[in-house]
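Here is a short tour of one protein model. Keep the sequence and the 3D view at hand as you read.

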Amino acid sequence: MQTITIGLLGLGTVGGGVVKLLQEHAAKIEQTTNVHFILKRVAVAHLDKPRNVSLPDKTILTDQIDEVLNDPEIQIIVETMGTVNRARQAITQAIYNHKSVITANKDLLAIDGPRLAQLAKSRHVDFLYEASVAGGIPILRVLSSSLVTDQISQVTGIINGTANYILSAMTSENVSYDKALMNAQKKGYAEANPTNDVKGIDTANKLSILSQFAFGKALDPNKLGIHGIENLTAAQLASANHFGYTIKLLAIAKRLNNKLYTFVGPTLIEHNDQLAQVNGVQNAVAVKSNALGSSVYTGPGAGAKPTANSILSDLAAAATDILDYDCGSEFNNYHNELTPCSLTTIPQSFLITTYGTSVKPTNAINWQGETNGNNYWSGLTPVISRQELESFLKSFPRSSAVSYLPVYNTAKL
Ligand SMILES: NC(=O)C1=CN([C@@H]2O[C@H](COP(=O)(O)OP(=O)(O)OC[C@H]3O[C@@H](n4cnc5c(N)ncnc54)[C@H](OP(=O)(O)O)[C@@H]3O)[C@@H](O)[C@H]2O)C=CC1
Ligand SMILES: N[C@@H](CC=O)C(=O)O
């Protein structure tokens with residue numbers, strides 16, 4: 001049996017899960033990897049905070065990250081503290097100190113992942129981040145191993161557990177948005193600041209990473225048009241349901257020739273689509289590829305143990321590479337020049353909802369269906385161009401509220 005020494009940054013939801021799984025699964029881990037992992041140091045922000053994990057020795061806790069990063073015995077750093085700047089600094093320092101790094105930090109990866117990956121490669125250490133997309137679903141390994149030779153044309157993801165948990169609770173249990181968000185926070189699904197979860201930013205960050213694995217092109221999340229779920233109305237949820245659809249926060253990347261069409265936002269998806277049945281904290285990634293056809297990968301997208309499981313799979317891979325003197329291969333070595341475009345510029349069908357009246361707008365649209373409630377009217381458009389949509393929206397008096405949502409897979413590319 002070989003020994004690998006690790007250092008952990010962060011002991012919150014995910015870090016705590018890592019410690020628990022290292023303890024609970026120790027026998028299986030040792031048998032399958034032939035490695036005995038020693039957790040030598042754990043960095044936290046607040047030393048005196050009560051913890052719901054038992055550490056072998058309280059003295060391994062420190063609030064000085066450098067004590068972990070500069071410890072010469074530590075071979076692998078597991079970063080589960082979040083934040084962008086402090087985590088970037090810590091990961092860079094770890095790589096310069098010749099330590100392999102595992103992280104779940106999609107906020108950092110989305111803006112600086114490719115650079116950090118190149119740095120790790122140049123320093124001959126591993127840089128792995130399975131947990132950064134869809135929590136417990138091993139989607140990055142599927143894309144970079146099982147589908148490595150296939151040509152992918154589309155990925156669609158429900159990749160934020162908090163948003164999906166909120167939408168499911170609002171749709172099927174009639175729970176209010178605020179209450180559902182509070183429950184997601186209690187369960188450890190939401191980010192320390194849940195703004196990224198509900199505004200679609202976390203979804204966009206994950207789409208950036210996913211796109212890098214599926215298409216060889218990392219997307220700049222700042223250049224994606226991103227829509228969140230925070231302004232969705234009960235009228236939209238009820239109207240979608242009336243027409244046979246569920247509303248999900250989707251991340252879509254679709255390749256056509258050398259262009260990559262992307263969208264992040266709430267979208268109507270037919271009740272009988274497999275993705276519409278993904279509820280609660282479950283995530284799903286649907287992949288369309290030339291050889292395999294359609295495949296869908298589902299599982300918990302957040303939470304302590306599912307996320308920690310992804311980290312432990314990286315840990316096993318990094319330990320094997322250290323023992324085989326084979327560190328430094330890129331997690332994803334597919335690179336491709338594609339031009340990102342917004343899917344919203346493509347003609348497609350929309351759900352339009354007007355508020356303050358239950359009367360149908362007078363515009364000449366061949367509505368595919370319509371419904372109304374006390375104080376709103378909703379209609380389903382045929383496939384219309386962006387220009388037609390915009391001129392329709394402009395035809396309303398400034399004072400009236402009108403909103404629109406796209407219908408999944410109606411875009412005519
Ligand atoms: N929660 C989830 O389901 C998932 C989270 N992630 C990602 O995993 C990471 C961790 O998330 P999560 O566990 O939920 O976050 P938490 O807020 O639960 O935990 C963060 C931990 O990091 C510690 N920490 C924060 N800043 C510092 C610092 N400057 N120095 C040392 N320690 C620090 C905190 O210390 P203290 O406890 O003392 O305050 C805490 O233990 C994030 O990048 C998140 O995006 C990815 C997938 C799923
Ligand atoms: N806050 C995130 C956690 C996992 O990435 C989510 O809800 O999906």
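Which residues does UniProt list for "domain: Homoserine dehydrogenase catalytic"? The unreviewed entry gives residues 138-315. UniProt positions follow the numbering used here, feature names are shortened, and annotations may be inferred rather than shown by experiment.

This is a predicted model: local features need pLDDT of at least 70, side-chain atom pairs count only at pLDDT 80 or more, and totals for chains, interfaces and linings use all residues. Residues are numbered from 1 along each chain as its sequence is written, chains are lettered from A and ligands numbered from 1 in the order in which they are written, and side-chain values use heavy atoms, with hydrogens and water left out.

**Overall build**

The protein has 13 helices and 16 strands. The radius of gyration is 23 Å, close to the 22 Å that the globule rule gives for 413 residues, so the protein is as compact as a globular protein of that length. That radius is taken over C-alpha atoms, and the globule rule is 2.2 Å times the number of residues to the power 0.38. Helices (H or I, at least four residues) and strands (E, at least two) are DSSP runs, numbered from the N terminus. Along its principal axes, the C-alpha trace spans about 75 × 45 × 35 Å. Of the 413 residues, 55% are buried. Buried means under 20% relative accessible area, exposed over 50%, and partly exposed in between (1.4 Å probe, protein chains only).

Residues 10-130 are 45% helix and 17% strand, and their end C-alpha atoms lie 17 Å apart. Residues 138-315 are 39% helix and 26% strand, with end C-alpha atoms 14 Å apart.

**Strands and sheets**

Strands of a sheet pair through backbone hydrogen bonds, either parallel or antiparallel. Two strands count as paired if DSSP finds at least two bridges between them. In this model, six strands form an open sheet in the order 3-2-1-4-5-6, with parallel pairing. G7 has I77 as its bridge partner in strand 4.

Strand 14 (residues 369-372) and strand 15 (residues 376-380) run antiparallel, again with four bridges. A hairpin of three residues links strand 14 to strand 15. E370 has G379 as its bridge partner in strand 15. E370 and N372 form the uncovered face of strand 14, while G369 and T371 form the covered one.

**Pocket and cavities**

On a 1 Å grid over the protein atoms alone, a cavity is a set of points where a 1.4 Å probe fits but cannot get out. A pocket is an open set with protein on both sides within 12 Å along at least five of seven lines, and lining residues have an atom within 4 Å of a point. Grid points are joined across faces, edges and corners, and a volume is the space filled by probe spheres set on the points.

| Space | Volume |
|---|---|
| Largest pocket | about 1,200 Å³ |
| Largest cavity | about 120 Å³ |
| Second largest cavity | about 40 Å³ |

The largest pocket has 50 lining residues, and G12, T13, V14, T80 and M81 lie nearest its centre. Helix 1 gives the most to this lining, with five residues. By class, the pocket lining has 16 nonpolar, 24 polar and 10 charged residues. Ala, Val, Leu, Ile, Met, Phe, Trp, Tyr, Cys and Pro count as nonpolar, Asp, Glu, Lys and Arg as charged, and the others, Gly among them, as polar.

How many cavities of 30 Å³ or more are there? The count is two. The largest cavity is lined by 14 residues, with I252, L343, Q348, N409 and A411 nearest its centre. Strand 8 (245-256) and strand 9 (259-270) each supply at least two of its lining residues. The lining of the second largest cavity includes A117, F127 and F331. Helix 5 gives the most there, with three residues.

**One loop residue**

I226 lies in the loop between helix 10 (201-215) and helix 11 (234-242). I226 is partly exposed, with a relative accessible area of 28%.
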